[in-house]
Amino acid sequence: MISLRTISARFANGTAGLPAVSLLVAALVAAPVISLAILAAKGSGDLWPHLAAYVLPQAISDTLLLLVGTGVLVIVIGTSAAWLVTAYEFPGRHFFQWALLLPLAMPTYIIAYAYLDLLHPIGPVQTALRAALGLSSPRDLILPDIRSMGGCILLFGFVLYPYVYFSTRAMFVMQMANLVEVGRTLGAGSLGIFLRVALPLARPAIAVGTSLALMDALNDIGASEFLGVRTMTVSIYSTWVNRSNLPGAAQIALIMLALVIALILIERFARRRQSYAGSTQRARRLVPERLRGVKALGAWLACALPIFIGFVAPALYLFVEALARLRFAGLSSSLLTQIGNTVLISALATIVSLALGLVLAFTARMMRNAVTDVILRVASLGYALPGTVLAIGLLGPLALMDDAIASVSELLTGRTTGLVMSASGVALIYAYVARFLTISTGNVESGLSRLSLSLDHAARTLGESAGGVSRRIHLPLISPALASAALLVFVDCMKELPATLLLRPLNFETLATHLYGEAARGTYEDGSIAALAIVLFGLLPMILLARTSRAPKKAGLHMPQREGVAHG
Amino acid sequence: MAHAQEVNLYTVREPGLVKPLAEAFTKKTGIKVNTVFMNDGLAERVEAEGARSPADVLMTVDIAKLVEIAEKGIAQPVSSPVLEAAVPAQLRDADKRWFALSLRARLIYVSKDRVKDTAMNYEDLADPKWKGKICIRSGQHSYNIALLSAYIAHHGEAAGEAWAKGVKANLARKATGGDREVARDILGNLCDIGVGNSYYVGLMRSGAGGPDQEKWGAAINVLLPTFKNGSTHVNASGAAVAKNAPNRDNAVKFMEFLVSDEGQKIYTEENFEYPVKAGAQMHPIIKAIGDLKPDALALSEIAKHRKAASLIMDRVGFDN
């Protein structure tokens, strides 16, 4: 009876559905993984001796080098940029706050293409350099090739650091003030505060951002393959494509997935005893310290450099190319349709991801236990798989859903249906949500983790329902984290390629597929207009976000004067 | 689902080529072509879609993919006198499940300035005299897997492995990038010779890829290599009619159009490919490469060795 009463009370609060929805979401995200596991079980495992002898030694060392190198770079760039724009006031700071996100707006493989064009011995940079040095032949000046491990790490570092910048800055903005001021009072230097106060406190955020960046690097196939780096992901492809051994490829993919999960769990385990929630009182924004002279210039350069390398240089190159193409090829008439398709499908997927991310994070906050923890981790699996592998894994579940829809339709109307899921684009939204859900859940979760549970308890004591706590306290407080999540997911959806290629309906082009079509033909410059359109539409939300986050904030958590919370 | 006047095309071929083909077909027949352009996974998608799949024509590149479509049981046999007359027997499935539509030859690009050789065999690529001089794309790329498969078909697996090892030892840089990067790297003095497909020569030299690529194309001489037996390795693009095609008749019509003089002309004009149809027109840039004598081995014979070829590429560490 008691449990029944609890349940009915929860229904009254509007929260009882949360765990059920969370479970369903986790099941939907897990579906492609399960379908891959079924595939993998069909394989004999005979490829492993070959892999162990000839492929793994190189692939593992390449993969580790790439991940360690990229990891160090994204953490160094991401955290220091986030700290500079939060803790200091210097010219350009407000611009940098959002401009530091720009490298996210362009597909990594396009940046790789652009950099090879720019830095090739016969490209503009080396040609100008030779002219300046009075050299005539490329052989007289041999510079390191970007098509190398080093080149790949640099590129990933400067393109993927925004994930770390993003998550860390939110952390710095929301909770550091008191501790930093204590540090300052105690006479700690700027660097000391950064290294000994800010970084350790931001660790959950750094972990979230870095794991996103590293999964991107690990699962990338376009850029790293183009630059000659052979990660495990490349082995998945050659096993599948050249040896027609999809089960074997699924086996490799699942083992990689297990390793990724293990790494994430180890990191979480390592900080299991630490709590990062801010105090409920007087949490407020850090007052930035004004920098002058050389220090201001230094801060400016430290923020400008990653934006220049990760965005300005390749975008400028694309822009010049796009102008040249426009002159002789004109503007494609289908560009508008492609923009419409891209924005529509990405916006829908973003809304769904956000809604489900909220459900998952609230479920976990309201009932933190082993079950909800597993649900949350399972719902994040999609990002840990290479995009094509996820898309292949989705084919089976999508077919089952279409079968079910057809059966229901036959039962109800006597008429069968075609492939509703793929023909309607729902398959695409499913794929995007399955892939990017972790970004929205992670952002919401880390936003929530900064709100002390005593807030919830206080509100509940005052008679507020659980749903009311979420609506009236949590949501307003984590709205910056929500906006961030929306932006990241939206941009990632716009760029998404492998699942879009494989699962889209007939005659459905997005900016990313159009760009890829040109790139596949070797005329990616022709696609530069599409690439710039992705950048442009990725930029708009960024600027919007910057404007909202700059609006003056009411002092943090002092909310009792707002009606509703107090009397409930 | 099945309207009389449309055909649904699943293709891995770029929109830049498919669009002109589809437009010409629609203009001629009034049949609308609905397209989805994808990459890896075409066969898996059709397989998963099963009986309700809207796919009519499956159009792909590389012999391995054509054979895979037949082996997966997602294609249906087509008895068409038009297709059989246009496509030579070694370029189509014995059981009529797929037909090659266009050909590309695997060629050797050499530096105009630095290489005097005017004729080479594929076997020569392993000659130590080219140490540090060769550029090539990934050994696991389907074009190179097909080349090594053909090598194995002619000389056996052990010889194939020795050859791959020899070529690897001669590489000037990592085996990566595309075929066009070979020409660009030759111009940039990173290497002297390299391996690339025939249509890239057309795409570069015609200016279709822009003025930069025209310079790359001008920096190379293009050799038409052969195996020691005197024939050149060709790969194919091709198509099949899907097993559950809702518009089967239109699918056959579309494929017949692709091997007609008009269709074949688009292949060579838009994408600089060799026609499959004897006597069909050829783009002047491609004609200038020389008289192609394609390997007489059936494509399906060559495709049998591709797993061995892929394993060899791993064993010799071709991409490391």
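Select D95(B) to begin this tour of a predicted model: D95(B) is partly exposed, at 47% relative accessibility, where buried stands for under 20% relative accessible area, exposed for over 50% and partly exposed for what lies in between (1.4 Å probe, protein chains only).

Residues are numbered from 1 along each chain as its sequence is written, and chains are lettered from A in the order in which they are written. Local features need pLDDT of at least 70 and side-chain atom pairs count only at pLDDT 80 or more, while totals for chains, interfaces and linings use all residues, and side-chain values use heavy atoms, leaving out hydrogens and water.

Next, select R13(B) and E273(B), whose closest N and O atoms are 2.8 Å apart in a salt bridge. The pair ties together parts that are 260 residues apart in sequence, because R13(B) and E273(B) lie in separate loops of chain B. R13(B) is buried at 1% relative accessible area, and E273(B) is buried at 0%.

Finally, display both chains together, where 56 residues of chain A are in contact (heavy atoms within 4.5 Å) with 62 residues of chain B.

Conventions
A salt bridge is a side-chain nitrogen of Lys or Arg within 4 Å of a carboxyl oxygen of Asp or Glu. Helices (H or I, at least four residues) and strands (E, at least two) are DSSP runs, numbered from the N terminus.
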